[in-house]
Amino acid sequence: MRVYVPLTLPGLAEAHRTGELGTGPFVAYAVTPALREWYLSDDMEELEYAALNRAALASLRLLAADPGAVRRRVVVAVDVPDGAAAADPDRGLDPAALGEVRVTGTVALAKAASVHVDSDDAREDVTAAAGALAAADGGDDDAQFVVDGAEDHELLWYATQEIPNLVEPAG
């Protein structure tokens, strides 16, 4: 099963240092029955893109909680055994939990298929969105507009071999 793990650049640097995305259980996003129902599509590429976007929103939440992190959303796509990720049936209808799965066990960064990261030109919008997230969650339409501004930026695709270049400062 392909899962999308939300991180920040410091989180990716830690995963690069340890060689592990997580030791479980941890939250990731995947094509779940609830996501399929919500998205109303049978196209697997579209569904995986929706799961990636849900993980990007979770990465934004991580950024909001870590003011020192570089303002770029990070998502790692990794394949895990089918039994290693499961959706919580009690949260299946919760719109905030669409596509959310819990991954058990240790997941090696070496198993990652790709990394998705905001470009530098998204930083301003991502910074504003991280600051507006709490108000958007509270129902503020103007704040939601700011959060949506970050979602207008497509995450860039990186091969796993490029992770060192993403996490190590240029010298």
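These are my notebook entries on a few spots I looked up in this predicted model.

**Entry 1: the main core**

I started with the nonpolar residues. In soluble globular proteins, nonpolar side chains tend to be buried together. Here I found that the largest nonpolar core holds 27 residues. Val3, Val5, Leu12, Leu21, Val76, Val103 and Val115 are the ones with the most contacts inside this core.

I then picked Val3 and left aside its neighbours within four places in sequence. Val3 is in contact with Ala28, Tyr29, Ala30, Val76, Ala77, Val78, Val80, Ala85, Val101 and Val103. I also wrote down a second, separate core of 14 residues, which includes Ala69, Ala132, Leu133 and Ala150.

**Entry 2: Ser114**

I moved on to Ser114, which I found in strand 8. Is Ser114 buried or exposed? Its relative accessible area is 5%, and buried means under 20%, so Ser114 counts as buried.

I looked for a polar partner too. The side chains of Ser114 and His116 are joined by a polar contact of 2.9 Å. Not counting residues up to four places away in sequence, Ser114 touches Val75, Val76, Ala77, Trp157, Tyr158 and Thr160.

My next stop was helix 4 (residues 123-137) and helix 5 (residues 141-151). I noted that their axes come within 7 Å and cross at roughly 145 degrees. The crossing of these helices is left-handed.

Which residues of helix 4 and helix 5 meet? From helix 4, I listed Asp125, Val126, Ala128, Ala129, Ala132, Leu133, Ala135 and Ala136. From helix 5, I listed Ala143, Gln144, Val146, Val147, Gly149 and Ala150. Sorted by class, this contact has 11 nonpolar, two polar and one charged residues.

**Entry 3: Arg61**

I finished with Arg61, which is found in helix 3 (residues 44-65). With a relative accessible area of 36%, Arg61 is partly exposed.

How far apart are Arg61 and Ala130 in sequence and in space? They are 69 residues apart in sequence and 6.8 Å apart in space, C-alpha to C-alpha. Leaving aside neighbours within four places in sequence, I found Arg61 in contact with Leu133 and Asp137.

Methods
Residues numbered from 1 in each chain as written. Predicted model: local features only at pLDDT ≥ 70, side-chain atom pairs only at ≥ 80, totals over all residues. Heavy atoms only, no water. Core = buried A, V, L, I, M, F, W, Y, C linked by side-chain atoms within 4.5 Å. Buried < 20%, exposed > 50% of the residue type's maximum accessible area, 1.4 Å probe, protein only. Contact = heavy atoms within 4.5 Å. Helix = DSSP H or I, 4+ residues; strand = E, 2+ residues; numbered from the N terminus. Polar contact = N/O pair within 3.5 Å; in protein donor to acceptor, adjacent residues only side chain to side chain. Axes fitted to C-alpha atoms, helices over the stretch in contact; angles between N-to-C directions. Left-handed = near helix turned anticlockwise from the far one by under 90°. Nonpolar A, V, L, I, M, F, W, Y, C, P; charged D, E, K, R; others polar.
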